[in-house]
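Please look over the sequence and the three-dimensional structure shown here before reading on.

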Amino acid sequence: MTQPGALLDNYGHYIDGQWMEPDSGRYDDINPATTDVLATAPDASVEQVSSAIAAARRAFDEGPWATANPEEGARCLTQLSAALLEHVEEFYALAQLEWGCSATERMFHVEGPAVMVGRAAELAAEPAETTIDAWGATGTTVLRYEPLGVVSVLTPWNFPHTLNAMKLGSALAAGNTVVLKPSPLAPLAGLAMARLIDEHTDIPPGVVNVVTPTGVEASKLLTTDPRVDMVSFTGSSAVGREVMAGAASTMKRVLLECGGKSAALLLDDVTVTDELLDRLLFEGCTMHAGQACILNSRLVVPDALHDEVVDRLAERARKVVVGNTIDPAVQMGPLISEPHLERVEAMVARAAQDGATVVTGGRRPPDLPGGFFFEPTILTNVAADAHIAQEEVFGPVLTVLRYRDEHEAVAIANNSPYGLGGAVWCSDVDRGTEVARRIRTGQVSVNGSLPGDAPFGGFKQSGIGREGGMIGLRAYMEPKAIGVPA
């Protein structure tokens, strides 16, 4: 294993270009595979979070970042992308230790974030002003996109480095300044990003600030303080609603990417190959131990294929190597914490009480007494409106649902408070694409074809707004129309 080196450290907060000692002590950052303490992270009071907001406010109102030409912003983000690529091995080692990234997921957690920042640099160089042909205009209409101001970026623990990079990249490319608050369960990822910004880029002081409070009031300040113009949040739908309520007091712009309970539909003409089954298991159950909002955790299968698909998936699930991801043979790592492990256990137990059949898994691996591990689990005999089919488990649990015809399959997919992702697998691509159009979610793949650098976000309780590509960049900006006399 590559050692995380300088990225594994007892950091302070990063405020106004300086490393600050915490004013509320420190807390332990736990390795979920071993329960050992990796490092200690800095806690922050309301006052220290306020100072980070003040630094971002000054940097936007008085500093050069918001008024810099697009080429300068692009140059600084290119520096950050290059630094992230230079340190990929250190970030991979950190990812293995802090949030249990396995080798099969490395691209999503390590190289991907560096590429995202590079893409943000490209978008930063795009013109933010153009003329448009506007109906009723008496002269020329100039459409201009301007940065919003100070953006609070609140990221979760499941893909911390990826989401830190994606949100920071877009917010900075748009010309905003940022206060980043990572999850207390994975604080080092954000602080390590700050170290690279500090040591390898020309991003001015105060443009990026990173604080890692554990207290509710200190965290809430990032959603209620009037000096903050926008909140960009990824996490549960329950917390997303609280973020939205806090932001409403000053009508802050919000970008919310929340929970998911996405469905993968196998149409009745699909050929069930080994490759397809492996992908269904990974994308619906074992990817990052099921701790991914985009997981297709409901598998909707025609009656004629149900038993065969379940048997073959269960056989594969039993062979998945679970353990500490520093072992390259391990395919699935731990859940993030003991409370989260207990939550997943309780949801599976409730499903069984409600009549579900636990085909395989459903428990902690008996040969792994240390760490927060849970076996890949497949459930059948579940009604579409059952609790386990409606609520996000955020663990390695795949629920298989039967259907009789295409209409019922689509109805099951849409029977959810969420609408983030989904998949359709078929032989007739035209038919599969038409089915995808009927699924009420933000993204759908047909036969595994992912949308790429396209808007990402959800319908219903999966969130508000979109990230990714130019539409995602504009989400961090405000449009202004200027009428110029002919």
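**The second largest cavity**

The lining of the second largest cavity divides into six nonpolar, four polar and two charged residues, where Ala, Val, Leu, Ile, Met, Phe, Trp, Tyr, Cys and Pro count as nonpolar, Asp, Glu, Lys and Arg as charged, and the others, Gly among them, as polar. Among these lining residues are Lys261, Cys293, Glu392 and Phe394, and the volume of this cavity is about 60 Å³.

A cavity here is a set of points, on a 1 Å grid over the protein atoms alone, where a 1.4 Å probe fits but cannot get out, and its lining residues have an atom within 4 Å of a point. Grid points are joined across faces, edges and corners, and a volume is the space filled by probe spheres set on the points.

**Basis of the model**

This is a predicted model, in which local features need pLDDT of at least 70 and side-chain atom pairs count only at pLDDT 80 or more, while totals for chains, interfaces and linings use all residues. Residues are numbered from 1 along each chain as its sequence is written, and side-chain values use heavy atoms, with hydrogens and water left out.

**The largest cavity**

The largest cavity has a volume of about 80 Å³, and of the 17 residues that line it, Ser262, Arg298, Ala413, Gly421 and Thr441 lie nearest its centre.

**Two domains**

The chain is divided into domain 1 (13-259 + 462-484) and domain 2 (263-446), with bounds that come from an automatic or database domain assignment. Their centres, taken over C-alpha atoms, are separated by 31 Å.

Notes
1 Å grid on protein atoms, 1.4 Å probe; cavity = no way out; pocket = protein on both sides within 12 Å on 5 of 7 lines; lining within 4 Å.
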